[in-house]
Each structure stands twice: as C-alpha cells, then as structure tokens.
Amino acid sequence: MDWTNDVVLRFLELYQMHPCIWDPRNVAHKNKTKVDDAWCVIKKELGFPGTIKELKRKRESLMSAYRGYKTKIKKSVTNSGSSDVYRPTWFAFDFMDSFLAPVYTCKPPLNTEVTMTTARKQQNPSELEQVKNQMDKAFKIIETASQRQLDDDDECNIFGKLISKKLRRLPVDKRDLMMRRINNMIYEEIINMEDDDDGAISSPMRSYPSRKAIKVEDENYLTFDVKSPLSANEDHDNDF
C-alpha cells in the first residue's frame, strides 16, 4: 500500500476518531482491549493489507515529524518573539495539531547530569551518611568472617576434614572401629608426652603412670588411663 498524502490524511482521520489511542485523558486509554479493537477498526476502514504493527510504526513516523515541527515552533517563540513564529508547511501538520495540540506538550530534552546533581543535593545528607555507614559495617563483617575462615583452616583442621571424608566411605561398624583406633593412637601419644614431662620434672606430690594402670573405655570408644592408687603405691615401693 502506497502512503500517499491522501492515504495519510485518511489514516489520521480514522486515528482522530478513536481518542482512546492518543488521548491519555480518555477513560478507555488504559484499556488494552478497547485500544486493540480501535486499531482493528482503523485497519479495516483504511483497507490496509498489512499488520497492525505496521500501522503503529506509521503512526510513530508521523508523530516523530509532528514533534519535530512543534519543537521548532517553541524555539522560534522563545528566541524571536511572537512576530517571527515558525510556521510549518508540512501537509499533515495542521490536521494533526487540530486534535493533538490540547494533549501534546513539547518537553525539552533533560540534561541528565544536571538532573542527577540536583537530585543528590535534594536528598538528606544525614540519610546518605547513614547508608554509607551501614554499608561499611556490612563489608567489615564480611571481611572478618572471611579472615576467620582462613585462620581456622590450619593443617590440623584440613587433615581432620580429610580423615572425616574418608571415614564416611566406610561401613558403620568399620567406621566406629577406625575412629576408636585413631583415638587410641592420639591418646597414647599424649600419654607418652606426659611421661616424658614426668621424667624431666619429678615431684613427691605427683602420681607417676604405671604399667598397671587400669584402662577404661567409655561408650564412645574413647580410651582413658585411670590411675589406681594401689598401683601408684606399688611403683613407689619398688623404688626402695
């Protein structure tokens, strides 16, 4: 379909007849169903073979030209006064302006930088400072938690995690047995270290470990050497 001047004017006439599309003050302007129906009527009355989407693109093209002429008019009024107002010669301008002028306002482009600066100045400085302090505290908490995690991951902790991971692969009965063996190995090493300390520093008030010490196992398979008073006395008697 060729968009001749006559076809464009006919399209604008049909467009004017459905203010729900172009007039934000219309009660049906936000009713999508009624707006879609209006576009269908325009397409049918115009005999347009294309899609409604193509009709909307044509409308946007016409509106873009209309806004450009409105901007020129406003600039001419501001710069030259009412005597030298710009008069558009575009064929569709007068008709479009006859029904769009009451609802269309030509707004100058916004200076984004100035607008943002003004907005920042209007905000309450105390609120901005409060937000900044809260963010600083949050970052400090995260940083402290991260550092604590690094500190906790020493070689013993890492080795313990590795052993735990391997223990989980074993059946429950074998897992308990291995846990008991590992615990006894560590316990015996601790006792040996204490024996070494007792040999280096002796005291008459200190009880010495004996081979006759009684071994007691608790329900968690933890092994403890419980010193028998009798065995301690026997060890001292053998010294004489």
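These legends go with close-up views of a predicted model.

Figure 1. The protein chain has 10 helices and two strands. Reading from the N terminus, the order of elements is α-α-α-α-α-α-α-α-α-β-β-α. Of the 240 residues in the protein chain, 20% are buried. Take the contacts between residues at least 6 apart in sequence: 50% of them join residues at least 24 apart.

**Figure 2. Helix H1 against helix H3.** Here H1 (residues 5–16) packs on H3 (residues 32–46) at an angle of about 145 degrees, and the two axes are 10 Å apart. The crossing of H1 past H3 is right-handed. On the H1 side, look for Val-7, Arg-10, Phe-11, Leu-14 and Tyr-15; H3 brings Trp-39, Ile-42, Glu-45 and Leu-46 to the contact. Sorted by type, the residues of this H1 and H3 contact come out as seven nonpolar, two charged and no polar.

**Figure 3. Tyr-15 and Trp-39, a tilted pair.** Across the whole structure, a search turns up 11 aromatic pairs. In the one formed by Tyr-15 and Trp-39, the ring centres are 6.1 Å apart and the planes sit at 45 degrees, so this pair counts as tilted. Tyr-15 belongs to helix H1 and Trp-39 to helix H3, so the pair ties together parts 24 residues apart in sequence. Tyr-15 and Trp-39 are both buried.

**Figure 4. Tyr-69 and Trp-90, a stacked pair.** The ring centres of Tyr-69 and Trp-90 are 5.7 Å apart, with planes at 20 degrees, so we call this pair stacked. Tyr-69 is in helix H4 (residues 52–80), while Trp-90 is in the loop between H4 and helix H5 (93–100), so the pair ties together parts 21 residues apart in sequence. Trp-90 has a relative accessible area of 17%, and the cut-off for buried is under 20%, so Trp-90 is buried.

**Figure 5. An aromatic cluster.** Eight side chains to pick out here: Trp-3, Phe-11, Tyr-15, Trp-22, Trp-39, Phe-48, Phe-95 and Phe-99, which form one aromatic cluster. Tyr-15 and Trp-39 of the tilted pair are among them. Phe-11 is another member, and Phe-11 also takes part in the contact of H1 with H3.

Figure 6. An α-helix has 3.6 residues a turn, so residues three or four places apart point the same way.

Technical notes
Residues are numbered from 1 along each chain as its sequence is written. This is a predicted model: local features need pLDDT of at least 70, side-chain atom pairs count only at pLDDT 80 or more; totals for chains, interfaces and linings use all residues. Side-chain values use heavy atoms; hydrogens and water are left out. Axes are lines fitted to C-alpha atoms, for helices over the stretch in contact, and angles run from 0 to 180 degrees between N-to-C directions. Helices (H or I, at least four residues) and strands (E, at least two) are DSSP runs, numbered from the N terminus. A crossing is left-handed if the near helix is turned anticlockwise from the far one by less than a right angle, and right-handed if clockwise. Contact means heavy atoms within 4.5 Å. Ala, Val, Leu, Ile, Met, Phe, Trp, Tyr, Cys and Pro count as nonpolar, Asp, Glu, Lys and Arg as charged, and the others, Gly among them, as polar. Rings of Phe, Tyr and Trp (its six-membered ring) pair if their centres lie within 6.5 Å; planes under 30 degrees apart count as stacked, over 60 as edge-to-face and the rest as tilted. Buried means under 20% relative accessible area, exposed over 50%, partly exposed in between (1.4 Å probe, protein chains only).
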